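Q: Could you walk me through this chain while I have it open on the screen? I would like to begin with the overall picture and then go into some details.

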Amino acid sequence: MIRPCVDVVLVCVTPTIKRRPLFFRWKNHFYTMGLWKSLRRGSRKGHIPSRRFLVNYDHVLGAEIAEAKNIQIKFQRNGIKTAKYSIFNFLPRNLFEQFRRIANFYFLIVGVVQLGIDSPVSPFTSIAPLVFVVAVTMLKQGYEDYLRHKADSVINNRKVTRIKAGQLETIKSKEIQVGDLLRLEDNEDFPCDLVLLSSSNAQGKCYVMTANLDGETNLKTKKPAHITNQLFVNERLNDQSLLIDCDHPCVQLESFHGNLYVHEQKRGSSSESTVETLSMGSTIPDQFDGNTIPIPLKPIESSCVLTFENLLLRGSTLKNTDSIVGVATFTGEDTKMSLNGKMTSNKFSTVEKKMNRYLIFFLLLLVGEVVLAVVLKYTVAMDNPNVEVVPWYLGGHPIHTSVKQLAQDILSFLVLFNYIIPISLYVTMEMQRFFGSLFFVWDLNFYDEDQQQGAICNSSDLNEDLGQVDILFSDKTGTLTENIMTFHSCSIGGIVRQFKSRLHWDVTGNSQTRTFFEALSLCHTVEITHHHGIYSYNASSPDEKALVEACKELGITFTEEAFDATTNETILNMMWSSHESDEIRKYKRLHVLEFDSDRKRMSVIVRKPEGTIWVLCKGADSSLLSICTSGPFEETAEQVNDFAMEGLRTLLVGVRELSEQDLEAFATALRSSQKAVKDLEQLKSEAFNLVESDLTLLGAVAIEDQLQPDVKTTLTALRKAGIRIWVLTGDKKETAVNISYSSGHFFPNCEIIDVSGQDEATLANALEAGMTKRKADLSGSFCLLVDGATLHHILPDMTFVAQFRDLAKLCTAVLCCRMSPLQKADVVKMMKQDDSCPVTAAVGDGANDVSMLQEAHVGLGITGREGRAATRASDFALTRFRHLERVFLVHGYWYYHRVCILVQYSFYKNVVAFTPQLFMAFFNSYSTESLYDSLSLTVYNIIYTSVPIFVFSLLEQHKSELDLLQHPDTYHAFSGNRLLRLDQGAKWFGESLLQSIVCFFFIYGVWTVGLEDGHYHGLGRASFGQTVYQTSVFLVSLRMLMESKFWNGYFIGTLLLSVLVYFLVTVMTQLMVYPSFISGLFLDQPITNPPSAMPLNWDYYKVIVHIGSALNVWLTLLILCAITLVPILVKGAFGKREFFRNLDLGTRTAFDNKGFEMS
C-alpha cells in the first residue's frame, strides 16, 4: 500500500529584490502555524493524509533548495490521452494485438512452418491471405486511433490564460501544473479542477454549468474563499502567497474539504521594484501592459476553510460571469471527471467470444485429422516397411522411419489440412461491422429535427450485441425525462389549484395566496438576464427556475438582483402586476441557506419593504413537515401523496417571521461556523436550525418533469422482448419512484420491496424479508427499490451481493436512487458477473453516466441537453430514448442474425471444400500431395466465397421490420447467443461434412467408372481435383442463396459474380503463361533453370478446357447439387420459414433495395 505523502508545488510569481529575507519571513510564518515542520516531517515519513501545495511563492534560496526538491511531488500532468497508440509503438503493438487472435496466430505459425519444411504447397497460400487480413485490420484500427489523437489534441492544446510573475501569459491546457493561477472568462470551460479565489461578480460569486459532469443544464453558484476574493479583486494579485491543504483526489463529485492559508508579502519603500497588477473586471489583453499602480498594504495573515462550493470542476463551463481567478488543484487524471470516467478494457462482443471457441474446436479437429493421417501412413500405407512389394515410382524399397521424417510428415499434413480454418473470417467480420454500422447511422427514423442530429456509432465491434441484451440499465434525468420542469399545480391552505395563467388567478388579492407566491418568488438563487425587455432565468435547480417562471406568468416578476457594496446587501426587485397597475417592491436578501442532501431544504432570509424580517423555506415533505408548527398538515400531506401518484415532484413551502435578536443570533452562529476548522458542517447545520424551526406551513407545489415522447411505450415493448430494466439515478427516492410510476417502469398495482436506508446491521434481515415476500407470491408483480447508501454496504460484501442479485432477478423492475457515478458502474459489473452471464446495456445522457456506459457490454448515449460526454464515451448514441425500441428489436435482431450466419457459413464452406484433402490422402498413400493447386487454396476464401456472404451479412432480413416491431417477443428467440450454441454448430458442421463426403466420393466413383470404361480421356488427377473444387464453389454459393430469406439484386448479383470470377480467374491461370518469377510463387515444388515464361502450374495447364468440354462433369455437378441441397430446400419449404419482400431500412443508401419474394 502506498502511503500518502506531502504534495508541494513552488510557483514563482513575483520577481523581488530581497528574496532571502522574504524566505525567512515565510519560514518563520510557517513555523508559527506549525505547517513547515509538518511539511518536512510528512515528506520523510509519509504521514500527511492530504495534498499540500504553495501558490504565488518566491524562489527558494540557499541550502533550502535541496530540501524543497526532496519534498516536491510530481503531480499528474494535465494532458489527456485517450488514444491507444503512438507513432512509435503502433506497428509492434498493433501486430501484437492482432496475433493474439487465435486464427491470425495460427496462420502465422503455419506460414513459418511452410517456409521451414518441404511444403506440399507454396508458402504463398498461407502468407498472402494473412498479410491481406492483417493489413486491412491495421488500416482500420490506425484510422480510428488517428481520430482519437485529433480529439485529444483539441483538448490538450486549448489556450488557457495563466498568471505568472504578475503577468498574463497564454499556455496550452496540457502545460498547466498544480499551483498555477489561471484566469478564465465567460463561456470558457475549466481545464482542470480549480479552487476559486476571486470573481469579477460584485458579490464575489460565479455561475457554472455542469452539463458535462452531472447531467444538469441549470447553472450552479460557486463562491470563492471570502478572504481571497476581497484581496484578489481590490488589490494586487501577486501580493498574496497561499498554502492550500486539501483532500487527495477522490471520485466523489461533491466531496472536497481543505484549508487555505494566506500571507501577504510585505513591500518596503517605493524604491523596490514595482509590479503590475491585474484588474478583475477588465478583459484579457493580448499582452498584459500593467498600467495600474501598486497600493502599499499591510501584511495580512489569515486562513479559511475550503468546501465544495469553492471548487470548480473540469468539464464545467463558466456562465454569466465576466472572469474568475482560480488555482489549479487537481490536474489530468486526478480530476474528478477523469476519476469518474472509469477506464475499461476493450469490449468484445459475445459473438466474437463464442467464435473463439469455434476456432478452438476446429483447431482440435485439424489436430485429429493430422494424427489420423500420420497413423494411417505408418500402419497401412504402401511405403510402410511391412509392405512386401513397393511400386517402382516410390523408389522400389520401403522408406525407413526416423524422427526427422516423422516431423516432416506431421508438419506437411498440418499445412495440407490447415485450410479448414477460414482465415478471411476476422477481416470479413471487421468489414461487415463497419459497413453494417452505416445502416444504423443512416436510419432516418433516428434523426431528430430539433437537434439536427441522427444516430452515432462509435464502436462497430458491438453491433451484434444489440440483439442479445438481457438487462438494460437506464439513467433517469435527461434520459427518461426531458429535464424540463414545469409548474403543474399547488396546494394553498389545503386547497388544490391547477396552474393555468394569470387570467385565472389573482395572486395579489388573498393574503394567504399572496404570501405563498411571495415566498416562491424570493426563495431561490436564480440568476437573471435582461435583453430588450425580456427576462430570462438560469438556476442551479430546474425546480427553482420553473417556480420563478410560473410566478412571472402569474404577475410576480423577478426583475433585478443588485448588490449594494456600501451595506454589503443584495437587493431583489420584484414587480407585482395586477389588472390596474404594476408595483415595484424591493426586498433585501440577508442570507441564503443553501440546499443540501441532509436537510433536504433551502431557505432565504429577507427584509421586506415594510421592514419585517422573514425566513422563507421550501423543501421535501419529509424535511419540512417536522419543522412546521402550524398550518394545514393533514390536507397538505394527503395532497402531496396524490401529486406523487401522478409522478409529480413536490415541494412544501413554509415561512417564519424573525426578530432582530433572532437575526443577530443566527448571524453570530453562522460566522462562528465559517471560522471553524473542524466540524464545519455540523456547526453550520446548528446555525441553520436556529431559524429553520417553528415555521408556518403555507402549502405545496407540484412540478412536472416532462417525460420524453413514447417512453412508456418503449419500456413496455422492451419488457415484452424479455429485457429486464433497471433505472439508476442520483435523484432522491421520492422523485425517482414518482418517475418510475409515470414512465411505466413501475406498474400501478406492483408491490415495492424497499431495502433502502439500511445499514450493515439491518441489511441482511431486509434482504431476507424481501426474498420471503417475493417467494410467498410468485405470481405477483414486485419491484425492488434500493439507494446508494445501502449499495455502499452491499457491493463490497459477496454474501450481500449474492442475496441482492437473487432478489433482483425475481423482480419485474429495479430502481436504484441516490447513486454516485461509480456506484452505477459497480451495479452493472455486479450483474455482469452473475452465473447466467447476462448481456448488459446501459443508456445515459450525462458525464455522470460515463462509467456505467463503459462498464456495460453495450453503452448507449443520449444526445441533447446534458452535454456530449456520454455521447463520446458510448458505443452508440441516439437522440431519444424511444429509439431504443428500434435499436434493439430491429437493428439488434438483424445484426445478430447476420453475424451468426456469417460465422457458421465461414466454417461451413471451408469444411465442404477442404475436407476432401483428407479423403484424398486415403487414395494417394498419404503422400501429402494436395488435391488442389496452390492458387486455388489462396483465393478460395478471399475472392470466390467472401463477397456473397459479405453482402448477405449487410442486407439480409430474417424477419421484416414491421413484424419485429409488432411482435417484440421475437427478439427473445435469439437470447443466450442461441444461433451459436452447440446444437446449431453441430447442425452446420454435420451438413458441411456430409456434403464434402458426398461431393468427393460421388465424383471419385464417377471418375473410377469413367476411367475404366475409357470415357474420360485426358481427365486425370488434376482434373479430378479441379472438379471437386469447382463443385464445392457451386455448392456453397447455392447454399448461401438458400439461407437467405430476402433475395435482392445485389445479393443475387454477387453470387453470379463470384461464379463468373471463378471461371475468369481459372481461365487466366490455366490457359496463360507468366514470367517465371511470378509463376514461382505458386509452384508447389521449385524447379531448376525455369524458362522465361511458363504457366502458374504445369499440372493444371489447360485443365479447365478438359473438364469444361466433358458433359459428364456438368451432369455430375447438377446431380450433386440436387442430392445435397434439395433436402434442405424441402425442409425449408414445409417448415416454418418465411420470406419477406421489402428491405425498408429507412436509410439513405445507394441501393434501391428492390427485392422479390421467394416462391
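**Working through the chain**

A: The secondary structure of the chain comes to 37 helices and 38 strands, where helices (H or I, at least four residues) and strands (E, at least two) are DSSP runs numbered from the N terminus. This is a predicted model, in which local features need pLDDT of at least 70 and side-chain atom pairs count only at pLDDT 80 or more, while totals for chains, interfaces and linings use all residues. Residues are numbered from 1 along each chain as its sequence is written, and side-chain values use heavy atoms, with hydrogens and water left out.

Q: How much of the chain counts as buried?

A: Of its 1159 residues, 55% count as buried, with buried meaning under 20% relative accessible area, exposed over 50% and partly exposed in between (1.4 Å probe, protein chains only).

Q: And what share of the contacts joins residues at least 24 apart?

A: Taking contact as heavy atoms within 4.5 Å, 76% of the contacts between residues at least 6 apart in sequence join residues at least 24 apart.

Q: On to the sheet, then: in what order do the nine strands come?

A: They form an open sheet in the order β14-β34-β33-β32-β15-β28-β31-β30-β29, and the pairing is mixed; two strands pair if DSSP finds at least two bridges between them. β14 (456-457) and β29 (751-754) stand at the edges with a single partner strand each, so one side of each has no neighbour in the sheet.

Q: How many bridges join β30 to β31?

A: There are five, and the two strands, β30 (residues 782-787) and β31 (residues 813-817), run parallel; D787, for instance, has C817 in β31 as its bridge partner.

Q: Which strands does helix α24 lie across?

A: Helix α24 (residues 821-832) lies across β15 (471-474), β28 (724-728) and β32 (840-844), and it runs at about 155 degrees to β28. For that angle, axes are lines fitted to C-alpha atoms, for helices over the stretch in contact, and angles run from 0 to 180 degrees between N-to-C directions.

Q: Changing topic, how many aromatic pairs are there?

A: The count comes to 48 aromatic pairs, where rings of Phe, Tyr and Trp (its six-membered ring) pair if their centres lie within 6.5 Å, and planes under 30 degrees apart count as stacked, over 60 as edge-to-face and the rest as tilted. The rings of F914 and Y932 have their centres 6.2 Å apart and their planes at 70 degrees, so this pair is edge-to-face. F914 lies in helix α27 (residues 884-914) and Y932 in the loop between α28 (916-921) and α29 (934-944), so the pair ties together parts that are 18 residues apart in sequence.

Q: Are F914 and Y932 buried or exposed?

A: Both F914 and Y932 are buried. The rings of Y944 and Y1029 also have their centres 6.2 Å apart and their planes at 70 degrees, so that pair is edge-to-face. It links distant parts of the chain, with Y944 in helix α29 and Y1029 in helix α33 (residues 1021-1043), 85 residues apart. Y944 is buried at 3% relative accessibility, and Y1029 is buried with a relative accessible area of 1%.

Q: Which residues form the aromatic cluster?

A: One aromatic cluster is formed by Y419, F914, Y932, Y940, Y944, Y1029, F1034, Y1062, F1063 and W1114.

Q: Last one: where is T928 found, and what is its phi?

A: T928 is found in the loop between α28 and α29, and its phi is positive, about 60 degrees, although T928 is not a glycine. At 13% relative accessibility, T928 counts as buried.
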